[in-house]
Amino acid sequence: MAARWLLSLLRIAPVAMAMRTRLEAVLNVGLRIPSIMLLEVLYRWDVSSFFQKIQRSSLNNNPLFQYKYLALYLHYVGYILSLVLLTLPRQHLVRLYLYVLTALLLFAGHQLSRDYVRSELDSGYEGPLYLDPLSMNRFTTALVGQLVVCTLCSCVMQTKQIWLFSAHLLPLVARLCLVPLETIVFINRFAMIFTGLEVLYFLASNLLVPYNLAKTAYRELAQVVEVYGLLALGMSLWNQLVLPVLFMCFWLVLFALQIYTYFSTRDQPPSRERLLFLFLTSIAECCCTPYSLLGLVFTVSFVALGVLTLCKFYLQGYRAFMNDNAMHRGMTEGITLLILSVQTGLIELQVIHRAFLLSIILFIVVASILQSMLEIADPIVLALGASRDKSLWKHFRAVSLCLFLLVFPAYMSYMICQFFHMDFWLLIIISSSILTSLQVLGTLLIYVLFMVEELRKAPVENMDEVIYYVNGTYRLLEFLVALCVVAYGVSETLFGEWTVMGSTIILVHAYYNVWLRAQLGWQSFLLRRDAVHKIQSMPTASALQLQQHNDICSICYQDMKSAVITPCGHFFHAGCLKKWLYVQETCPLCHGQLKSQSQSANTSAPLATDVPPANQNTQETEQEELLGEAAVEEVYQTEKNSSDFEAQSSLQSSDEPELGGQSLKFQENSEECDLLVDKEHNVGQTQDLDGKRAPHSSSSVPPSS
């Protein structure tokens, strides 16, 4: 039995620890929300207008409202206290809230005592309690309430000295002892004064605690700054305070209070047409200060993160969470909202104008989310089309998401054109939506080409060229749309209202979406042109050469019915080698430089002893057949071993083979090939001198003297 209890405790312990960790995280966020709410209230409070209202009211003669500067000082003190509460460690913050809760319980106990004394004064009965049922009921109810308050105070303060919190029981004890009612009123006041003195004594005994905390915090901050720097200090505070989650929870509480206030003041529920207006105006009311605007920014970031996570889960299931992309965390959308809000002065506008402008900014955020969804879906859809996965459910999910990303941005652009007047920001939204639809269309077209190639069970000729033209077409359209947006923005800046933020956004848009795209497109064109020239300059292998080579292409691992021969003597498919040359200008096997005829003519003549031309005569063919078979087999076996090793290396990395420590082995294999080829030519030269063989053609390398 004891062993079972021990096993059950061991099983429960990790769960309890996890629950405790989550509870501490919740408390760390929840207990700091009131400090941000206090900052929000202090920011909205206009001291000057407040005192103007006081001067026009009957409170003008009150001495508490005579000193305006005192209120200003209290305003700044409130800011300092809010920041202190925001940055307090969790242990001290919990203790502070427990003290505040104890004070509220004591206040509730005295309120119960005062209400009981008033009820007794109203009844006027001073006899024994058991003779009057109403008096007995009032006494019992008040006594139970006071005992509950005392018990809660002792539990919160974690002390057994319950008499410290029992001063508000004195009026009940006096009434039980048949003390006159006028004396009970005096006893109630004495109990309140005694409780106040207890609170003052507690505050005086802990007067140096804030100073000691500030001193300790300053010492720790100085050490962190000295050792790690200000950046590390900022990151540490960011992680300890959990600022994104904190501001998001603060904004959600503010938004819930706004919705509750609206519905509590309306007798009838709003119509469907007013729900959208209510939603926008409530959001506009909840972003009128810098603190609430930051809360909205982080809320939008988390909403975008949730949408992108659902997108990845819809496409890949639980495998999506194994390879998380740091670029799809929703911060792009939040930063976009913050920049646009600061640039347009959102918090300084009235509620109606703020709601209208906020709707446009939210459209821009939605367009950014759609673009991020496309960045997630594009590689998954293309990989699914190129693979041999025949799962209809996977293909349906990929195609359905692409169709959504194709239709929804176009529909959003149509609705914007219908209900809004065109300006620079709306043009950015529409251009981004059009670019998203164009990219999705190109992705779907390439996916269809891959599926057609898979259904044919044979590679489509010039598939790479078709994909390049498809990508180039919608890239060109993207470039033209971005160029039109920049031109419209420049014209609006020159002939309209000029702002620093607007000009900065136009410059950033022109650099990233126009200049960089033009550079990348031109570089891609030059690489493809050079690759085509190099492939055209290489000789084509004949049927006899392919038969003697008797190997697969080292790039695609498919049989070769046609091939080109590199200057270093390796055989590849022309299309495969051209794709390789888009990435780098070296041989995939020996990593020697592959140069065109015009480049290689300036350095040295190409080596053609082991690779004769395709149009060689019959005499040269017979000569190759009569060469030493052992030497020829050894040459091809060495090349094949090198090709197989490179194939295994390319399986590990599909983009670029990792040479690492294998480069030395490739060099040794190449040197061995050269020695065997020289040996082969020496054999041919000896046979020619004996008059037993025909002389070599002019394409062969002359023997060394």
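The questions and answers below concern salt bridges and helix packing in a predicted model.

Q: How many salt bridges does a search of the whole structure find?
A: Side chains of opposite charge can pair when their charged atoms come close. In this predicted model, one of the pairs found is that of glutamate 120 with arginine 175. Over the whole structure, the search gives a total of five salt bridges.

Q: Which helix holds both arginine 20 and glutamate 24?
A: The side chains of arginine 20 and glutamate 24 meet in a salt bridge, with an N to O distance of 3.4 Å. The two residues are four residues apart, which is about one turn of the helix, and both belong to helix 1 (residues 2-30).

Q: Is arginine 20 buried or exposed?
A: The cut-off for the exposed class is a relative accessible area over 50%. Because arginine 20 has 53% relative accessibility, this residue counts as exposed.

Q: How many residues apart in sequence are the parts that glutamate 24 and arginine 90 tie together?
A: The side chains of glutamate 24 and arginine 90 meet in a salt bridge at 3.5 Å, N to O. Glutamate 24 lies in helix 1, whereas arginine 90 lies in helix 5 (residues 90-123), so the parts that this pair ties together are separated in sequence by 66 residues.

Q: Which residues are linked in a network of salt bridges?
A: Glutamate 24 meets arginine 20 in a salt bridge, and the side chain of glutamate 24 also meets that of arginine 90. Glutamate 24 is partly exposed, with a relative accessible area of 27%, and arginine 90 is likewise partly exposed at 27%. The network therefore links Arg20, Glu24 and Arg90.

Q: Is arginine 175 buried or exposed?
A: Arginine 175 forms a salt bridge with glutamate 120, the closest N and O atoms being 3.2 Å apart. Glutamate 120 lies in helix 5 and arginine 175 in helix 7 (residues 170-176), so the pair ties together parts that are 55 residues apart in sequence. Buried means under 20% relative accessible area; glutamate 120, at 2%, counts as buried, and because arginine 175 has 1% relative accessibility, it too counts as buried.

Q: Are helix 5 and helix 6 roughly parallel or roughly antiparallel to each other?
A: The axes of helix 5 and helix 6 (residues 133-157) come within 9 Å and cross at roughly 170°. Angles over 145 degrees count as roughly antiparallel, and the two helices are therefore roughly antiparallel.

Q: How many nonpolar residues does the contact of helix 5 with helix 6 have?
A: By class, this contact of helix 5 with helix 6 includes eight polar and two charged residues. The nonpolar residues in the contact number 14.

Key: Residues numbered from 1 in each chain as written. Predicted model: local features only at pLDDT ≥ 70, side-chain atom pairs only at ≥ 80, totals over all residues. Heavy atoms only, no water. Salt bridge = Lys/Arg side-chain N within 4 Å of Asp/Glu carboxyl O. Buried < 20%, exposed > 50% of the residue type's maximum accessible area, 1.4 Å probe, protein only. Axes fitted to C-alpha atoms, helices over the stretch in contact; angles between N-to-C directions. Parallel < 35°, antiparallel > 145°, perpendicular 65-115°, else oblique. Nonpolar A, V, L, I, M, F, W, Y, C, P; charged D, E, K, R; others polar.
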